[in-house]
Amino acid sequence: MNHCVLPTADGVWRHLRFAPGALAGEQAIEGDAAIAVADGKIAWVGRGDAVPESFAVLPRFDGRDALVTPGLVDCHTHLVYGGQRANEFAMRLSGATYEEVAKAGGGIVSSVRATREADEDTLYAQAARRLEQLLAEGVCAIEIKSGYGLALEHERKQLRVARRLGEAYGVTVRTTFLGAHALPPEYAGRQGDYVELVCKEMLPALASEGLVDAVDVFCERIAFSLEETERVFQAAKALGLPVKLHAEQLSDMGGAALAARYGALSCDHIEHLSAEGIAAMREAGTTAVLLPGAYYTLRDTHLPPIEALRAAGVPMAVSTDHNPGTSPALSLLLMANMACTLFRLTVPEAIAGITRHAARALGLQDTHGVIGVGRPANFVLWQLRDGAELAYWFGQQPERTIVRQGRIVKK
Ligand code: NIG
Ligand code: FE
C-alpha cells in the first residue's frame, strides 16, 4: 500500500461538530463547524458560516453533521512479535497467575523465542495486519516497542519493522527500545551482565542507527529492579533520549517516582502507584498511561488510583498495550469503553486519553492529539450523534471517515 496515492484531503470539510476537547488549547466551537486543509495541513478551523473567501476555490467535502475528533493515538504497543500465546490464556483460566506462567518459562520469554525465529519480513507481514486494524479505526500515531528480541540483532529487527511500517502506511510511528523487558534465557543468573549489555552495547548501537525515539524498562519483581532501571535511564540520558516506564503493574516498586526524576514522558500500567509516585509525576509533568486491556486479561482487581490522579491533575492516557501475553487487543475505542467501565473514567477523559493525552505520552503534543491550525491533517469524522457513543458501543465499529497525514484513507 502506498499512502501517497490515496486521495488528498485538501479542501474545506463542512457540516462538522467538534467533540469536546478536540480543538487545540481551550478553543471550542459550538454547533456547525468547518476545517480547511491545505497542503496536508490544517489551514483554518472555525464556524461553518465563517469560512474565509480565500478557501472558496478549494474542493468541498460534506461531513454530514459528523462528530469530529483528532486522529487517535495509541501510545503503548508491543505490535511487532512472532507467534501467539493463547495457551497461556488457557493456563490462566485454570488458575495460573501471570507471574507463575512467566516463572514456568512462558510469558515474555516464549514470545522472545518466536520473535527470534522469525525473519524481518515475516514479522513485518504479521505486524502490518495488526496495524491495519488499528488504522482502520482511526489511529494516526502509534508507539511501537521492541523487547521481544533481547539481543542486538533481534531488537534491531523489531525496530526496523516499526520504522518500515510508519513509512509504508503514512502513520507517525514512535519507536521505543525495551531491551530491559525480561531476562533472556542465555543470561540466566547473570542479570547484571545483561543490563550492562543493554546499556553499553544495544542501546548505543540502535540509537546511532536512528531506531530509538524513547527508552522503556519493565520495572517489576519478575523483571528489572529499581537500581537496574536507573542504570538504563542513565544510559538513555547520556544519549539524550526520553524515558518511560512499565511501572507498578503488579507491585509498588517505586518506579514511577524514579521515572519522574528522569523527566519521564509516561508511567504505564500503574495499578499499584503510590501517593508519592503521583506527586512525583505531577511535579515532572509525566503522563499516566492506563492499560485496561491488560487489567482485564489478567483479571486484575487492583484498580489504578484514578481519583488521586484526577485530583492531582496528572494527565491520563489510555492505550491498547497490544501484546500477545496480556492484551491481545486491537481497538482503542474498546479501551476507551473499558477505561470508563472498569476504571470509571468519564467519557471526555477517555476521549482525551486516546487523543490529546496519548500524544503527550509520546512527546507529540505539538503535532498530534488535537485539531489545530498548522498541524498535520489527522482527524476522524464519526457518524454519531452523541460524544458518549465513542465509548459506549463495543465490539463494533461506528461509521467513520478518516483523514491521516492529509490523505483520505477511509471513507
Ligand atoms: O505491557 N508488563 C510487561 N509487558 C507487557 C506484557 C508483555 C508480555 O506478557 O508479553 C505489558 O503488559
Ligand atoms: Fe506494555
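Visitor: How far from a nitrogen atom of ligand 1 does a polar side-chain atom of H181 lie?
Guide: This is a predicted model, in which local features need pLDDT of at least 70, side-chain atom pairs count only at pLDDT 80 or more, and totals for chains, interfaces and linings use all residues; side-chain values use heavy atoms, with hydrogens and water left out. Residues are numbered from 1 along each chain as its sequence is written, while chains are lettered from A and ligands numbered from 1 in the order in which they are written. A polar contact is a pair of N or O atoms within 3.5 Å; within protein, one must be able to donate a hydrogen and the other to accept it, and residues adjacent in sequence count only if both atoms are side-chain atoms. For H181 and the nitrogen atom of ligand 1, the distance is 2.9 Å.

Visitor: Which residues around ligand 1 come nearest?
Guide: A residue counts as near if one of its heavy atoms lies within 4 Å of the molecule or strand in question. Of the 15 residues around ligand 1, the nearest are R85, Y98, Y148, D321 and T326.

Visitor: What are the protein donors of the iron ion (ligand 2)?
Guide: Donors are N, O and S atoms within 2.8 Å of the metal (3.2 Å for Na, K and Ca); water is not among the atoms, so sites may look incomplete. Along the chain, the donors of the iron ion follow the spacing H-x1-H-x167-H-x74-D. Lying 2.0 to 2.4 Å from the iron ion, they are H76 (NE2), H78 (NE2), H246 (NE2) and D321 (OD).

Visitor: How many residues apart are H78 and H246?
Guide: Helices (H or I, at least four residues) and strands (E, at least two) are DSSP runs, numbered from the N terminus. H78 is in the loop between strand 5 (72-74) and helix 1 (86-93), whereas H246 is in strand 9 (residues 244-247). The pair links distant parts of the chain, and the separation is 168 residues.

Visitor: Are H78 and H246 buried or exposed?
Guide: Buried means under 20% relative accessible area, exposed over 50%, and partly exposed in between (1.4 Å probe, protein chains only). By this rule, both H78 and H246 are buried.

Visitor: Why is the pair of Y295 and F343 given the type it has?
Guide: Rings of Phe, Tyr and Trp (its six-membered ring) pair if their centres lie within 6.5 Å; planes under 30 degrees apart count as stacked, over 60 as edge-to-face and the rest as tilted. This rule gives 8 aromatic pairs. For Y295 and F343, the centres are 5.0 Å apart and the planes meet at 80°, so the pair is edge-to-face.

Visitor: How far apart in sequence are the parts that Y295 and F343 tie together?
Guide: Both Y295 and F343 are buried. Y295 lies in helix 10 (residues 292-297) and F343 in the loop between helix 12 (332-341) and helix 13 (347-353), so the parts tied together are apart in sequence by 48 residues.

Visitor: How many of the residues of helix 12 are buried?
Guide: The buried residues of helix 12 include L332, L333 and M335. Helix 12 is mostly covered, and of its 10 residues the number buried is 8.
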